[in-house]
Amino acid sequence: MTTFTINRRRFAALGAAALAAPTIARAQTRPKVVVIGGGAGGATCARYLAKDSGGQIDVTLVETNPIYATCFFSNLYIGGFHDWEGLNHGYEKLSGAGVRVVIATATGIDPVKRVVTLGDGKTLDYDRLVLSPGIDMIWDSVPGYSEAAAEIAPHAYKAGPQTRLLKAKLDAVEDGQNVVMIAPPNPYRCPPGPYERVSMIAHQLKSTGRTKSKIFVLDRKDRFSKQALFQEGWDKHYPGMVEWYGSDIIGEIENVDPATGTVTTGFGDYQGALVNVIPAQRAGVIAQIAGVTNEAGWAPVDPNSMRSTIDWNVFVLGDASIAGDMPKSGFSANSQAKVAAMTLRHDLTGARAFPARYANTCWSLIAPEDGVKIGAQYQPTEEKIASVSSFVSETGEDAATRKQTYEESLGWYAGIVADMFGA
Amino acid sequence: VHDRLRARAGRDRDARDGAGRDARGRGRRDGRHRLTAAAILLVLAAGAAEADPASVALSLQGDLAYGEYLATECLTCHQASGKAEGIPAIVGWEPEFLIRTLFEYKTGARDHQVMRMATSVLGDIEIASLAVYLATLEPH
């Protein structure tokens with residue numbers, strides 16, 4: 001088991017509260033689980049808790065937006081392969097499955113009294129808290145960038161208005177004008193995401209005759225996920241249109257000027273009609289408010305359960321967590337949610353516990369019907385969630401294989417959405 | 001659901017036991033060759049076990065609750081409703097069919113990167129348990 005590293009004052013307070021009011025005695029009716037964040041981690045966890053506990057657990061899901069837009073597949077919207085509406089999902093079926101859905105923003109957490117405060121001042125008591133808040137941008141990780149600047153140079157790394165803004169700006173790029181992307185440093189949401197996006201942007205430009213335009217990718221690391229597959233695909237489908245520079249070439253990003261679309265690096269200036277800045281990231285702010293993040297801004301968890309190593313009553317899922325070898329992906333969050341739900345049911349209702357096991361596969365689209373994938377199985381060790389088996393698509397695969405991979409990714413989207421929100 | 005499952009598992013066991021009784025019966029009818037026949041049967045059984053990687057899983061009674069937990073991984077892609085929109089449906093199958101299919105991926109007789117990886121970490125009891133649980137889900 002992972003050692004719980006808790007600051008002493010906090011530990012004393014939490015310990016005293018636990019002694020004074022054991023969960024079961026305190027919860028005179030049903031044990032209460034509050035889940036914050038209605039994405040791949042939170043929605044899945046809430047749904048499985050309600051469904052599998054047969055009503056024994058009182059499950060509340062707190063989510064800011066009444067309609068959830070999936071970040072996964074939002075690149076396909078940018079590429080023109082998916083409509084916007086198809087990425088949007090409501091919570092009606094979750095309500096039908098026995099989850100109390102509260103559309104509000106959680107703004108405060110009292111870990112000793114175990115109370116969540118919402119933006120409107122209302123409160124929710126919990127016995128256990130599940131945090132699945134996704135990411136927040138570290139705005140000042142790129143000099144010159146800010147939340148306001150994102151209205152001109154979108155990050156589009158949370159699906160919603162930002163995604164649509166990027167698409168609109170891409171549609172306005174004229175042939176011969178350039179696109180500049182600043183790709184983020186590790187760790188960040190969806191490791192192949194920026195490179196799938198480059199592919200989708202290139203496809204949009206090419207398919208509308210804008211082949212004199214170029215895409216410059218200024219990366220803050222020196223290699224990336226599925227690199228050989230993407231670079232092979234760019235050479236094949238978009239020759240001369242994509243130039244990728246690793247941090248070993250360009251050095252630091254010195255400045256971004258959204259007004260002129262200029263990015264200054266140690267290697268020179270790049271100018272784009274569209275500048276897509278994907279900043280460094282950290283766990284969604286509520287994880288920090290809950291006090292379960294480390295100095296880097298991410299939440300350490302027990303590899304056996306996704307339970308916070310800082311607060312025993314809290315579980316952290318998905319992008320916000322430090323999940324060892326698992327990438328920050330919707331699939332990972334969905335997988336982690338099931339381990340957490342199983343652990344919570346054991347914890348609160350005495351249901352059987354089983355050894356944790358996790359899985360992930362990330363599909364990426366490079367060009368029409370040219371899909372690739374990478375995946376792994378994971379199991380907990382003493383130190384982390386460790387990869388125990390993995391695969392990745394190969395370069396040079398035939399068109400039929402790539403088409404099949406793309407079609408499989410469509411099946412996965414339909415599947416995970418049904419698994420998150422109910423069918 | 002549990003009753004239906006037990007009934008189905010019972011049928012499977014009966015079918016296997018029935019085959020065993022036939023073979024033993026033939027051995028008993030020929031007294032002189034009983035020992036030889038028994039020895040041959042043992043060798044054949046060992047050979048069959050070797051040739052059929054699914055035989056142990058097929059002989060196990062799956063653990064329904066374990067199967068339900070393990071199946072949560074499958075149901076990310078394969079829809080619990082049985083809808084197939086690019087990825088095949090796997091619910092409501094006869095357990096033996098699911099067990100044999102998973103072993104085809106595990107041994108490489110059928111090739112699929114995700115399925116080969118997924119089955120690489122499944123043992124006999126995991127596969128038997130998945131099969132009994134997924135058989136209880138009705139396509140709808």
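Biologist: Why are helix 5 of chain B and helix 6 of chain B called roughly perpendicular to each other?

Modeller: In this predicted model, the axes of helix 5 (residues 95-107) and helix 6 (residues 113-120) of chain B come within 8 Å and cross at roughly 100°. Angles of 65 to 115 degrees count as roughly perpendicular, and helix 5 and helix 6 of chain B are therefore described that way.

Biologist: What makes up the contact of helix 5 of chain B with helix 6 of chain B?

Modeller: With contact meaning heavy atoms within 4.5 Å, Leu102(B), Tyr105(B) and Lys106(B) of helix 5 meet Met115(B), Arg116(B), Thr119(B) and Ser120(B) of helix 6. These residues divide into 3 nonpolar, 2 polar and 2 charged.

Biologist: How do you know that the span of helix 12 of chain A agrees with expectation?

Modeller: The expected span is 1.5 Å times one less than the number of residues. For the 23 residues of helix 12 (residues 399-421) of chain A this gives 33 Å, and the end C-alpha atoms are 33 Å apart, so the two agree. Gly422(A), with a positive phi near 95°, follows helix 12 of chain A.

Biologist: Why are strand 6 and strand 8 of chain A placed at the edges?

Modeller: The open antiparallel sheet has 3 strands in the order 6-7-8 in chain A. Strand 6 (106-110) and strand 8 (123-125) each have a single partner strand, so one side of each lacks a neighbour in the sheet.

Modeller: Residues are numbered from 1 along each chain as its sequence is written. Local features need pLDDT (the predictor's confidence in each residue, from 0 to 100) of at least 70.

How values were computed
Chains are lettered from A and ligands numbered from 1 in the order in which they are written. This is a predicted model: local features need pLDDT of at least 70, side-chain atom pairs count only at pLDDT 80 or more; totals for chains, interfaces and linings use all residues. Side-chain values use heavy atoms; hydrogens and water are left out. Axes are lines fitted to C-alpha atoms, for helices over the stretch in contact, and angles run from 0 to 180 degrees between N-to-C directions. Helices (H or I, at least four residues) and strands (E, at least two) are DSSP runs, numbered from the N terminus. Angles under 35 degrees count as roughly parallel, over 145 as roughly antiparallel, 65 to 115 as roughly perpendicular and the rest as oblique. Ala, Val, Leu, Ile, Met, Phe, Trp, Tyr, Cys and Pro count as nonpolar, Asp, Glu, Lys and Arg as charged, and the others, Gly among them, as polar. Two strands pair if DSSP finds at least two bridges between them.
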